[in-house]
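Trainee: Could you go through this one with me? I have a few questions, and I may jump around a bit.
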Amino acid sequence: MGEMEQLRKEAESLKDQISAARKAVHDVTLPEIVSGTAVVGRVQLKTRKTLRGHLAKIYAMHWGTDSKLCVSASQDGKLIVWDSYTTNKVHAIPLKSSWVMTCAYAPSGNMVACGGLDNMCSIYNLKGKDGNVKVMRELAAHTGYLSCCRFLNDSEIITSSGDCTCALWDIETGTQKTIFSGHMGDCMSLAVSHDFNMFISGACDYTAKLWDIREGACRQTFGGHESDINAIGFFPNGNAVLTGSDDGTCKMYDLRADQELITYQDPSIMCGVTSLAPSLSGRLILAGYDDFNCNIWDSLKAERVGVLAGHDNRVSCIGVTPDGMAACTGSWDSFLKIWN
Amino acid sequence: MSNNSANSSLVIAQKMVKQLRLEASVRRIKVSQAATDLKTFCLQNAHKDPLLIGVPSSENPFRPPKSCALF
């Protein structure tokens, strides 16, 4: 038997082993565990603020850690930092490339980052000496578009790319410290764990992967989706992963049981999920869809308990403030809305 | 097929098997425990989840408190 054939057989056997091991701990389902828990009452959130200013589709938004400032990216070629309490624009940053797909706010509040079809992640210093916001670094090495980026701190950022890899960068030197390869399709989204030791990525190979940042290794892979995963996030307790896909469903995977616990789907939903964010307790999952709406799911009972209707085009991004006070939706209609 | 591409396919296959071995060795807990912990976390934190329980206008930073002036 050639070595190639041997390896193929071993791979199949290991996949069967993983399947069997997951089955072995599957002693009950989530619906059975919550059968005695009532569905949450209808959730009706109202638009409290509308952030107006972008002139084209909004592709991404990210809250700052103060739950007040947020950054948004639009293909009008601007990054805008907003004071969401007053709707004032704190910074309007013109970009070299208008084909932006992602943006991020550093936990410190000192920097923002963005990137897109330019294959680069540009870091901007918000606290420059003369008050002007300037490009601090251009992180270039990916051979595909930048789909998502998240700061670990002021000196490190993680990126996901259409080149099927994710990377950990040293912002100071502008170099990749670690490359995370393994996905077999464009990486579309990433989320970092609260303790900053792990991150999860969702890709066009229909899987989500859990990565150990310092070891540079993929620890677990989760399948089940039938199309590209566009959105990913950690459940607030850090032990589960939420994904949103072009197959129209969201799923929750538990990290410690190493398997899917539940799917959030409805036969009436026939379009892809673009974005998602859990509420503070994790009980609610807000998910944005291609059909201009946002559905609010009861995460335990897997029932739709509300809708955020108000945008005139696709909801491309959603974020819940770190203090859980509000949700922000960004849309191709060029507006951001704050809800609670 | 040139020797080079045969070798790189081999390397890729070896990496895949190595990764699968790693993922197969993960310690798994029972779904009953995982699901119960999730349920407990949600229920215990429900009372401090503003989107779930609602935010009174006076405490809502996105809603300035309405004042009523009588002249």
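Trainee: Which residue does Cys187(A) stand opposite in β15(A)?
Mentor: Cys187(A) stands opposite Ala203(A), which lies in β15(A). Please keep in mind throughout that this is a predicted model.
Trainee: How many bridges hold β14(A) and β15(A) together, and in which sense do they pair?
Mentor: β14(A), residues 187-192, pairs in the antiparallel sense with β15(A), residues 198-203, and there are five bridges between these two strands of chain A.
Trainee: And is β14(A) buried or exposed?
Mentor: Strand β14(A) is mostly covered, since six of its six residues are buried.
Trainee: What about the turn, where is the positive phi in that hairpin?
Mentor: The hairpin of β14(A) and β15(A) has five residues between the strands, and Phe196(A) takes a positive phi near 60° there.
Trainee: Changing topic: in what order do the strands of the open sheet in chain A run?
Mentor: That open sheet is formed by four strands of chain A in the order β2-β3-β4-β5, and the pairing is antiparallel. The edges are taken by β2(A), residues 58-63, and β5(A), residues 88-94; each has a single partner strand, so one side of each is left without a neighbour in the sheet. From one strand to the next, the twist averages 20°.
Trainee: On to the two chains: how many residues of each are in contact?
Mentor: On the chain B side 43 residues are in contact with chain A, and on the chain A side 64 residues take part. The area buried between the two chains is about 4,400 Å², and carbon and sulfur atoms give 70% of that area.
Trainee: What is the count of salt bridges between them?
Mentor: The count between chain B and chain A is three salt bridges, and one of them joins the side chains of Glu10(A) and Arg21(B) at 2.9 Å, N to O. There are also 14 residue pairs in polar contact between the chains, with both residues at pLDDT 80 or more.
Trainee: Which element gives the largest share of the side of chain B that touches chain A?
Mentor: That is α2(B), with 13 residues. The elements giving two or more residues to that side are α1 (3-24), α2 (31-45) and α3 (50-53) of chain B.
Trainee: Where is Thr221(A) found, and is it buried or exposed?
Mentor: Thr221(A) is found in strand β17(A), residues 217-222. Its relative accessible area is 14%, and because buried means under 20%, Thr221(A) counts as buried. Its side chain makes a polar contact of 2.8 Å with that of Glu23(B). Leaving aside neighbours within four places in sequence, the contacts of Thr221(A) include Arg22(A), Thr207(A) and Lys209(A).
Trainee: Last one: what does Arg63(B) touch, not counting residues up to four places away in sequence?
Mentor: With that exclusion, Arg63(B) touches Arg48(A) and Ser57(B), and a polar contact of 3.2 Å joins the side chains of Arg63(B) and Ser57(B). Arg63(B) is found in the segment after α3 of chain B, and at 30% relative accessibility Arg63(B) counts as partly exposed.

Technical notes:
Residues are numbered from 1 along each chain as its sequence is written. Chains are lettered from A and ligands numbered from 1 in the order in which they are written. Side-chain values use heavy atoms; hydrogens and water are left out. Two strands pair if DSSP finds at least two bridges between them. Axes are lines fitted to C-alpha atoms, for helices over the stretch in contact, and angles run from 0 to 180 degrees between N-to-C directions. Buried means under 20% relative accessible area, exposed over 50%, partly exposed in between (1.4 Å probe, protein chains only). A polar contact is a pair of N or O atoms within 3.5 Å; within protein, one must be able to donate a hydrogen and the other to accept it, and residues adjacent in sequence count only if both atoms are side-chain atoms. Contact means heavy atoms within 4.5 Å. Buried area is the accessible area (1.4 Å probe) that two parts lose on being put together, summed over both. A salt bridge is a side-chain nitrogen of Lys or Arg within 4 Å of a carboxyl oxygen of Asp or Glu.
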